[in-house]
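Visitor: Could you put the model up and walk me through it?

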Amino acid sequence: IEKIVEVDKHIGCAVSGLMADSRTMIDRARVECQNHWFVYNESMGVESCAQAVSNLAIQFGDSDDDGAAMSRPFGVAILFAGIDEKGPQLYHMDPSGTFVEFDAKAIGSGSEGAQQSLQEMYHRSMTLSEATTAALTILKQVMEEKLNSSNVEVMTMTPDKLFHMFTKEQVEEVITTIT
Amino acid sequence: MMASVANPSFPDYSTQAPKQHMFSPYADNGGSVVAIGGDDFVIIGADTRLSTGFSIYTREQNKLFQLTEKTVLGCAGCWCDTLTLTRILQARLQMYVQEHNKTMSTTAAAQMLSTMLYYKRFFPYYISNILVGLDADGKGCVYSYDPIGHCERATYRAGGSAGALLQPLLDNQIGLKNMLNVKNKTISLERALAVLKDVFISAAERDIYT
């Protein structure tokens with residue numbers, strides 16, 4: 001199951017919830033980014049992208065005059081991670097379409113415990129490797145099965161490499177440091 | 001009910017026949033626009049004459065529109081299309097600020113104008129557009145357009161009714177084309193301004209619409 005997806009070279013998303021619903025939302029994010037590039041010849045802002053998906057999410061509340069009403073909200077929470085001229089940003093979006101910027105956020109079934117651990121472990125001056133190690137450590141704590149390189153995905157978003165999905169080897173490397 | 005068609009010289013030969021009416025939605029109100037860009041500046045100039053055929057509507061019509069702090073658009077051609085296009089552009093610029101919390105950059109505006117013109121591919125805006133501004137690095141940029149949105153970035157450009165007269169002059173004086181023993185140095189603001197003024201004097205010399 002692919003839970004971390006690329007939306008644009010400079011924006012990536014992690015999804016949690018109904019996977020089928022997530023496809024529709026991610027597709028909207030991708031289309032909006034490309035449309036923005038087409039019209040304005042520039043990368044879309046991370047907040048603007050989150051706003052675009054949020055606009056889709058709240059459409060279940062619309063009345064039927066255009067006939068395209070949705071019967072239920074999208075059952076997905078999304079984490080938007082991207083870099084624009086304001087620097088790296090992380091946004092969390094819930095099924096209502098509300099999105100908030102976070103320094104650190106956990107979503108999914110183990111999110112309560114994970115968020116607590118993040119509260120303790122996170123600090124603003126963390127390096128990328130510290131953050132990667134911390135994320136996987138916390139994931140290991142809340143995962144029901146034993147953590148290994150085949151059941152996790154790791155993605156980093158940095159100014160030089162932008163969207164970068166870890167290879168199996170890279171994930172294994174980090175796992176060995178935390179055990 | 002059919003209209004009567006008759007040749008005035010032969011009134012006895014009038015017949016009932018459908019009559020074709022000609023309505024042209026376009027008008028050529030003339031005018032020229034010239035722009036020159038440098039390393040840290042860009043200048044744009046336009047004439048102020050609005051005309052139709054051999055008559056002049058006014059001698060004092062401004063054809064340059066400031067879109068943002070860093071971008072200016074010059075339009076020559078059909079004046080009614082110019083009015084509408086500039087209003088739509090203003091609206092789009094405002095919407096962009098409200099959606100993205102920042103003013104549109106010159107490069108973004110240039111691309112947007114291109115797509116806006118192409119939307120009317122099958123009933124074009126009859127305008128010769130030149131959009132100028134400072135890009136993100138502070139360098140001057142000149143974007144020229146055809147009526148359906150083909151966009152090209154250049155250092156200098158002349159458009160409008162005297163465009164064909166002035167472009168070769170700019171090629172020689174700014175582009176230093178086909179000149180021997182010239183140092184390839186970039187032009188200064190003072191020189192560009194002087195050339196621009198001379199260029200319009202030349203245009204007024206030979207083009208009746210400028």
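## Backbone, salt bridges and interfaces

Guide: Leu162(A) is found in strand S7 (residues 162–165) of chain A, where helices (H or I, at least four residues) and strands (E, at least two) are DSSP runs numbered from the N terminus. This is a predicted model in which local features need pLDDT of at least 70, side-chain atom pairs count only at pLDDT 80 or more, and totals for chains, interfaces and linings use all residues. Residues are numbered from 1 along each chain as its sequence is written, chains are lettered from A and ligands numbered from 1 in the order in which they are written, and side-chain values use heavy atoms, with hydrogens and water left out.

Visitor: What phi does Leu162(A) have?

Guide: Although Leu162(A) is not a glycine, its phi is positive, at about 55 degrees. The residue is partly exposed, with a relative accessible area of 25%; buried means under 20% relative accessible area, exposed over 50%, and partly exposed in between (1.4 Å probe, protein chains only).

Visitor: And Asn181(B), where is that one found?

Guide: Asn181(B) is in the loop between helix H3 (163–173) and helix H4 (189–206) of chain B. Asn181(B) is not a glycine either, yet has a positive phi of about 55 degrees, and with a relative accessible area of 82% it is exposed.

Visitor: Is Glu47(A) buried, partly exposed or exposed?

Guide: Glu47(A) counts as partly exposed, at 30% relative accessibility, whereas Lys86(A), at 56%, counts as exposed.

Visitor: Which residue does Glu85(A) meet in a salt bridge?

Guide: The side chain of Glu85(A) meets that of Lys102(B), at 3.1 Å from N to O. Glu85(A) lies in the loop between S3 and S4 of chain A and Lys102(B) in the loop between helix H1 (79–100) and helix H2 (106–119) of chain B, so the pair joins two chains. Glu85(A) is exposed, with a relative accessible area of 59%, and Lys102(B) is partly exposed, at 26%.

Visitor: What about Lys63(B) and Asp47(B), buried or exposed?

Guide: Both Lys63(B) and Asp47(B) are buried, and their side chains meet in a salt bridge of 3.1 Å, N to O.

Visitor: On to the chain interface: how many residues of chain B are in contact with chain A?

Guide: 12 residues of chain B are in contact with 10 residues of chain A, contact meaning heavy atoms within 4.5 Å. The two chains bury about 900 Å² between them, 47% of it on carbon and sulfur atoms; buried area is the accessible area (1.4 Å probe) that two parts lose on being put together, summed over both. His100(B), Lys102(B) and Gln111(B) supply 43% of the area that chain B buries against chain A, more than any other three residues.

Visitor: Which element gives the largest share of that side of chain B?

Guide: H2(B) does, with five residues. Across this interface the rule finds one salt bridge.

Visitor: Last topic, what does the domain assignment of chain A give?

Guide: The assignment gives domain 1 (1–102) and domain 2 (108–178), with bounds that come from an automatic or database domain assignment. The centres of these two domains of chain A, taken over C-alpha atoms, are 22 Å apart, and 16 residues of domain 1 are in contact with 10 residues of domain 2.

Visitor: How much area is buried between domain 1 and domain 2 of chain A?

Guide: About 900 Å², with carbon and sulfur atoms giving 73% of that area. On the side of domain 1 of chain A, Ile4(A), Lys9(A) and Ile83(A) lose the most area to domain 2, together 53% of what that side buries.

Methods: A salt bridge is a side-chain nitrogen of Lys or Arg within 4 Å of a carboxyl oxygen of Asp or Glu.
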